[in-house]
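Could you walk me through how to read a few features of a protein model? I would like the general idea each time, and then the case at hand.

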Amino acid sequence: MQYLYPPVDPFDQRMLDVGQGHRIYVEQCGNPAGIPVIVLHGGPGGGCSPAMRRYFDPTVFRVILFDQRGCGRSRPHASVTHNTTWHLVDDIELIRRTLDIDDWIVFGGSWGATLSLIYAQSHPDRTRHLVLRGVFLMTQAELDWFYGGGAGKFWPEVWARFTGPIPEDERGDLIEAYRRRLFSGDMPQETRFAKAWSSWENALASIHSSGTSGDAPGEYARAFARLENHYFSNAGFLDFDGQILANVGRIAHIPGVIVQGRYDMICPPDSAYRLAEAWENCELKMVRNAGHALSEPGISAELVRTMDRIGGR
């Protein structure tokens, strides 16, 4: 945390009606006349936090954070109706127009990196720079790694806790098995399985993890698990597997920086490496002794250095 800027309060907070019954929470902090940067949180369903404001010099940047549909302070909570990648891309554009911003830096990690790339490929003229952390390309291979037993080989005791609540004959497709329970309509059951789903991911986020993650609040876990499962069950609502890498030419002219933990168990570095190899205007910063979490000291330090460098330009 010593790498971050001091805490800062928003100068603007609002609920934005994005249609289809959804209202999303949006805030701005920093310099109202500064370089605009939109921050895309992970998950899907993770929501934004005050700590995310602290990666940016508040005298230089105009920082916009928002809770994506169905999570955080956005409403309706934990809803997957009219909640797809393309709805989120439209929401980002609505925020940009509402705030009268021509173009901006797009900053995102994990699922936020996925959404950043898809947004930039959809609106390359509105993206002046991409800063990504813990790259996830929304491919079946990545889902198979994390929900098919790959990561579980490194954390067998945590994997056993994740798979344990599911009958053995359903463990061949854990995303589907959890989906049935997360959308059962039985609130206690949904919350119980949401906590199990969330704990599996949270336990592996940090390189310093002991394999425990604490008990996430039920309301948070339910939104996080339902939204993640909804998106992963639908392959991110992309047209085909590998779409982001196949369309990297659309962002070839946009400068980018990837900050990637060398020992990221959730989003292994192979995806970041392949993206950087295909994207000629991209710089890959591989952080040793770091896992997936935004709060990893090496990752925090590199992201702040990156934003300071961009701000200095």
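Q: What should I know before I start?

A: This is a predicted model, in which local features need pLDDT of at least 70 and side-chain atom pairs count only at pLDDT 80 or more, while totals for chains, interfaces and linings use all residues. Residues are numbered from 1 along each chain as its sequence is written, and side-chain values use heavy atoms, with hydrogens and water left out.

Q: What is a salt bridge, and how many salt bridges does the count come to?

A: Side chains of opposite charge can pair when their charged atoms come close. The rule used here asks for a side-chain nitrogen of Lys or Arg within 4 Å of a carboxyl oxygen of Asp or Glu. By that rule, the count is 17 salt bridges. One of them pairs Asp12 with Arg14, at 2.9 Å from N to O.

Q: Which parts of the chain does the salt bridge between Asp103 and Arg128 tie together?

A: Helices (H or I, at least four residues) and strands (E, at least two) are DSSP runs, numbered from the N terminus. The closest N and O atoms of Asp103 and Arg128 are 2.9 Å apart. Asp103 lies in the loop between helix H1 (85–98) and strand E5 (104–109), and Arg128 lies in strand E6 (residues 127–133), so the pair ties together parts that are 25 residues apart in sequence.

Q: Where do Glu283 and Arg309 lie?

A: These two side chains meet in a salt bridge, 3.2 Å from N to O. Glu283 is in strand E8 (residues 282–287) and Arg309 is in helix H10 (residues 297–312), so this pair ties together parts that are 26 residues apart in sequence. Glu283 is partly exposed, with a relative accessible area of 33%, and Arg309 is partly exposed at 30%. Elsewhere, salt bridges that share partners join Glu170, Glu176, Arg179, Arg180 and Arg181 into one network.

Q: How many bridges join strands E1 and E2?

A: Two strands pair if DSSP finds at least two bridges between them. Seven bridges join E1 (residues 12–19) to E2 (residues 22–30), and these strands run antiparallel. Asp17, for example, has Arg23 in E2 as its bridge partner. The two strands form a hairpin with two residues between them, and Gln20 in the turn has a positive phi of about 55 degrees.

Q: Which residues does UniProt list for "active site"?

A: The unreviewed UniProt entry lists Ser110, Asp264 and His292. UniProt positions are given in the numbering used here, feature names are shortened, and annotations may be inferred rather than shown by experiment. These residues span 183 residues in sequence, yet no two of their C-alpha atoms are more than 10.5 Å apart, so they gather at one spot.

Notes. Buried means under 20% relative accessible area, exposed over 50%, partly exposed in between (1.4 Å probe, protein chains only).
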